[in-house]
Amino acid sequence: MALTPLACILLLLSMQCYISTLAVILKTTNPKPWVNEFESIELSCMIESISTTNPRIEWKKIKMGEPSYVYFDKEIAGDLEKRAKIREPATLVILNATRADTADYRCEVTAPNDQKSFDEILISLTVRVKPVVPRCSVPKSVPVGKPAELHCLEDEGYPKSHYQWFRNKEEIPEDPKGSPKFFNSTYTLNGEMGTLKFSAVRKEDAGEYYCRARNEAGFSECGPQMMEVYDINIAGIILGVVVVVTVLLCITVGIFCAYKRGYFTSQKQMGNNYKTPAKGDGVDYVRTEDEGDFRHKSSFVI
């Protein structure tokens, strides 16, 4: 008996339903979840189709390409021990996520009584970490017209922090031309590296500076630091140089005059000018270690 087109469609649908009931099929509501550090997160693994009444469920954590069990033989294991649980039938709930939990997680279900007896699903978890208080470096004083660099850095936040600089509690824009208050400033702000560089500071650049490190998990700030901008006293510098040169000249002249007057003649030179007296007949004189001291020595001529 020939089948009508409608009968063929119904037959195909019934066969597909029959096959699906003999296959384990998994799905998830979120393949790339994220969570802030120390909060809880669900890694959903839902069994959409299965005929085996007691399937084997396993969870593996994959980090740096190396898998390790976190749920095996109906027990939480490994890195998640005492920090996770299974919500029926196969969803993994991490109760207190830490930055070390950022990894890929694989849900595996084995159903021996199904025609397609195995299925798995991969979930990538990101644990976001709030930045810590950044380390800020602000010069205390800079002369007008000279360059200056301000630095800000923290390395705990995840994802990587973006940096903002503030002067007197007002945010410094990345482009100074976009703000009337900073229009004449000559600086370069790098929000990725946390640097604020002035090519030539002005008196108006003086003030209290602080930095904010921000990412999706929150932000932290360093305390304000004062940067003073002062004028260079050219006249004072010239006067100082003149005074130093004058003092050095006076010292040189004094040393030269003292040398000419013999104040630097050594005692050894004076001692060498003494002449030994001539010897008399039959008498010898012996010179001792002390200059000018002679001892009489008798000699007998046979």
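Q: How are helices and strands defined and numbered here?
A: Both are DSSP runs: a helix is a run of H or I of at least four residues, and a strand is a run of E of at least two. The count for each starts from the N terminus.

The model is predicted: local features need pLDDT of at least 70, side-chain atom pairs count only at pLDDT 80 or more, and totals for chains, interfaces and linings use all residues. Residues are numbered from 1 along each chain as its sequence is written, and side-chain values use heavy atoms, with hydrogens and water left out.

Q: In which strand does Glu171 lie?
A: Glu171 is partly exposed, with a relative accessible area of 41%; this class falls between buried (under 20%) and exposed (over 50%), with a 1.4 Å probe and protein chains only. The strand that holds Glu171 spans residues 170-171 and is S16.

Q: What is the order of the 6 strands in the open sheet?
A: Two strands pair if DSSP finds at least two bridges between them. The pairing in this sheet is mixed, and the order is S2-S11-S10-S5-S6-S7.

Q: Which are the edge strands of this sheet?
A: An edge strand here pairs on one side only. The two are strand S2 (34-36) and strand S7 (75-76).

Q: Which residue in S10 is the bridge partner of Trp59?
A: Strand S5 (residues 56-63) and strand S10 (residues 103-110) run antiparallel and are joined by 7 bridges. In S10, Trp59 has as its bridge partner Cys107.

Q: How many salt bridges are there?
A: A salt bridge requires a side-chain nitrogen of Lys or Arg within 4 Å of a carboxyl oxygen of Asp or Glu. By this rule, the count is 16.

Q: How many residues apart in sequence are the parts that Glu48 and Lys27 tie together?
A: Glu48 and Lys27 form a salt bridge whose closest N and O atoms are 3.7 Å apart. Glu48 lies in strand S4 (residues 46-49) and Lys27 in strand S1 (residues 25-27), so the pair ties together parts separated in sequence by 21 residues.

Q: Are Glu108 and Lys60 buried or exposed?
A: Glu108 forms a salt bridge with Lys60, with the closest N and O atoms 3.6 Å apart. This pair links distant parts of the chain, Glu108 in strand S10 and Lys60 in strand S5, 48 residues apart. Both Glu108 and Lys60 are buried.

Q: Which residues are linked with Lys60 in a network of salt bridges?
A: Lys60 pairs with Glu108 in a salt bridge. The residues linked with Lys60 in the network are Arg106, Glu108 and Glu120.
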